[in-house]
Amino acid sequence: MAATVKYDEVETGQEIPAVEYQVRRVDLVRYAGASGDFNPIHWNERYAKAVGLPDVIAHGMYTMAQGSRFVTDWAGDPGAVVEYGVRFSSMVVVPDDDNGATIRISGVVEEKREDKRVVVALTAKSGDSRVLSKARAVVQLS
Amino acid sequence: MPLNRDFVGRTYESSAPYEVSRVKISEFATAIGDSNPIYHDRQAAVAAGHPDVVAPPTFPIVFSLLGTGDALGDPGLGLNFAMVVHGEQRFEYERPIHAGDELVCTSTIAEIRSVGRNEFLTLRSDVSTTSGELVCRTYNVIVERGGAA
């Protein structure tokens with residue numbers, strides 16, 4: 001399988017349009033079950049506040065997964081991602097209502113490398129906070 | 001309390017191979033809201049050139065730390081779990097993980113350092129098939145808030 005995006009058609013500096021991902025409490029409960037990370041700060045408001053957090057917060061790995069979803073949807077192939085790393089710079093606070101929080105992700109092609117690989121730099125924000133920093137994916141294009 | 005630097009370089013093996021199943025991949029993909037058929041439908045994955053459904057890029061988090069629970073919980077290390085947050089995460093892939101893979105992890109405490117009042121611990125895990133093929137490497141930095149104070 002190969003990426004649907006062609007290396008020769010991509011330019012350094014090219015922007016990948018932003019996508020918004022909604023995250024509600026039920027999404028965190030489902031992610032806890034699927035990932036095995038049952039840390040109560042991700043589903044229990046009473047516990048989260050007792051350890052000094054403003055409210056329940058999303059798993060960092062949930063936010064990171066939205067970043068890779070953004071990249072694979074762009075590239076057209078989940079297998080095209082050869083490297084992916086992030087730093088968790090701020091929390092995604094998820095209130096107990098029907099809307100939850102919004103994670104807005106955008107990207108830019110930062111570098112074209114050899115072997116038809118590109119580096120995509122991601123920006124992920126929730127409200128005014130940058131929730132990921134140093135978020136980079138190396139993607140194998142066709 | 002500062003973490004015990006004697007733990008740097010210690011290596012831990014997963015106790016049993018992790019069997020990657022179609023059901024688990026689909027469950028995980030659903031949990032991150034991703035309906036890409038390559039995660040859910042074997043025929044779609046095969047049509048796209050994969051041997052079976054493939055796992056989303058962050059899927060190794062499900063099993064890559066299973067072997068290290070004992071290490072991080074060792075009282076000799078001095079880690080206070082209530083103060084732990086996830087600092088950084090990185091994956092380097094040799095190939096996509098797919099259903100049917102049987103994977104083992106070798107995890108090493110690569111580094112412990114203090115940054116301000118916090119302790120940073122880097123855990124590197126090499127994920128390989130039971131026949132020894134390296135599939136990916138993961139780097140996980142956990143932060144103990146206030147640990148270095």
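Visitor: Which residues of helix α1 (residues 25-35) of chain A are buried?

Guide: Keep in mind that this is a predicted model. A residue counts as buried here if 20 or more other C-beta atoms lie within 10 Å of its own. In α1(A), the ones that count as buried are Asp27(A), Leu28(A), Tyr31(A), Ala34(A) and Ser35(A).

Visitor: How are they placed around the axis of α1(A)?

Guide: An α-helix has 3.6 residues a turn, so residues three or four places apart point the same way. The buried residues of α1(A) include Leu28(A) and Tyr31(A). They cover an arc of only 130° around the axis, so they sit on the same side of α1(A).

Visitor: What covers the buried residues of α1(A)?

Guide: Part of the cover comes from chain A itself, including β1 (15-23) and α3 (60-75). Chain B takes part too, and the element it brings is α1 of chain B.

Visitor: Which element of chain B gives the largest share of the side that touches chain A?

Guide: The contact takes 27 residues from chain B and 27 residues from chain A. On the chain B side, α1 (22-31) and β3 (84-93) each supply at least two residues. By class, that side has 14 nonpolar, eight polar and five charged residues. The largest share, eight residues, comes from β3(B).

Visitor: Which element gives the most residues to the largest nonpolar core?

Guide: That core has 66 residues, and the members touching the most others are Val23(A), Val92(A), Val139(A) and Ile25(B). Take Val23(A): leaving aside neighbours within four places in sequence, its contacts include Leu28(A), Tyr62(A), Val92(A) and Ile103(A). As for elements, the one giving the most to the core, with seven residues, is α3(A).

Visitor: Is Arg113(A) buried or exposed?

Guide: Arg113(A) is found in the loop between β3 (101-112) and β4 (117-126) of chain A. Beyond its neighbours within four places in sequence, Arg113(A) is in contact with Val118(A) and Val119(A). Arg113(A) has 12 of them, so it counts as exposed.

Visitor: How far apart are the end C-alpha atoms of residues 12-120 of chain A?

Guide: UniProt, in an unreviewed entry, annotates residues 12-120 of chain A as "domain: MaoC-like". Over those residues the chain is 30% helix and 30% strand. The end C-alpha atoms are 10 Å apart.

Visitor: In chain B, what percentage of contacts between residues at least 6 apart in sequence join residues at least 24 apart?

Guide: Chain B has four helices and six strands, and along the sequence they follow the pattern β-β-α-α-α-α-β-β-β-β. Its C-alpha atoms fill a box of roughly 55 × 30 × 20 Å along the principal axes. Of the 149 residues of chain B, 37% count as buried. As for those contacts, the share joining residues at least 24 apart is 72%.

Technical notes:
Residues numbered from 1 in each chain as written. Chains lettered and ligands numbered in written order. Predicted model: local features only at pLDDT ≥ 70, side-chain atom pairs only at ≥ 80, totals over all residues. Contact = placed C-beta atoms within 7 Å. Nonpolar A, V, L, I, M, F, W, Y, C, P; charged D, E, K, R; others polar. UniProt positions renumbered as here; feature names shortened; annotations may be inferred. Arc of directions from axis to C-beta. Core = buried A, V, L, I, M, F, W, Y, C linked by C-beta atoms within 7 Å.
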